[in-house]
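Colleague: Please take me through some of the labels used for this model, and set each value against its cut-off.

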Amino acid sequence: MAHPHTRTSAPPAPGLLIPDPADLQPLCGREEFTALLRDIVTDTAPRLFAVVQEYGDRVDGRVAAWGMAFEEHVDVISVEGHRRARAVSPEQALRAYRLGARVVPHLMWP
């Protein structure tokens, strides 16, 4: 959702030339603009979550991966850095961390 003080034109797609803003006037003063950007960051920040693996019935456990939940998808990276994945939801991302019946993944939201 666009902030009420931002322009409605979408930014150029990655890899395309950025239009020259030289002829455009600033939306507002520096402090207000910084506050607007901070609001945009806050409004669009992904939610952080952990994928934890439970070994047996509460025998042991570990954090296997960290993820970021965006509005349309999630990105997950294993703590070792060997596995990176994109999924539709955090629950879908759990599937890759189940190991048989004795290692069960869970979501935790810090």
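Modeller: Gln 53 has a relative accessible area of 4%, and buried means under 20% relative accessible area, with a 1.4 Å probe and protein chains only, so Gln 53 is called buried. This is a predicted model, in which local features need pLDDT of at least 70 and side-chain atom pairs count only at pLDDT 80 or more. Residues are numbered from 1 along each chain, and side-chain values use heavy atoms, with hydrogens and water left out.

Colleague: What does the side chain of Gln 53 reach at 2.8 Å?

Modeller: The side chain of Gln 53, a residue of strand S1, reaches the backbone oxygen of Tyr 97 at that distance, and a polar contact is a pair of N or O atoms within 3.5 Å, where one must be able to donate a hydrogen and the other to accept it.

Colleague: Why is Leu 48 called partly exposed?

Modeller: Leu 48 has 44% relative accessibility, and partly exposed lies between buried and exposed, the latter being over 50%, so Leu 48 counts as partly exposed. Leu 48 is also in strand S1 (residues 47–55).

Colleague: How do you know that Glu 54 has no salt bridge?

Modeller: The nearest side chain of opposite charge, Arg 58, is 5.0 Å away from Glu 54, whereas a salt bridge is a side-chain nitrogen of Lys or Arg within 4 Å of a carboxyl oxygen of Asp or Glu, so Glu 54 is buried without a salt bridge. The side chain of Glu 54 does reach the backbone nitrogen of Arg 58, at 3.0 Å.

How values were computed:
Helix = DSSP H or I, 4+ residues; strand = E, 2+ residues; numbered from the N terminus. Lys, Arg positive; Asp, Glu negative; His and termini not counted.
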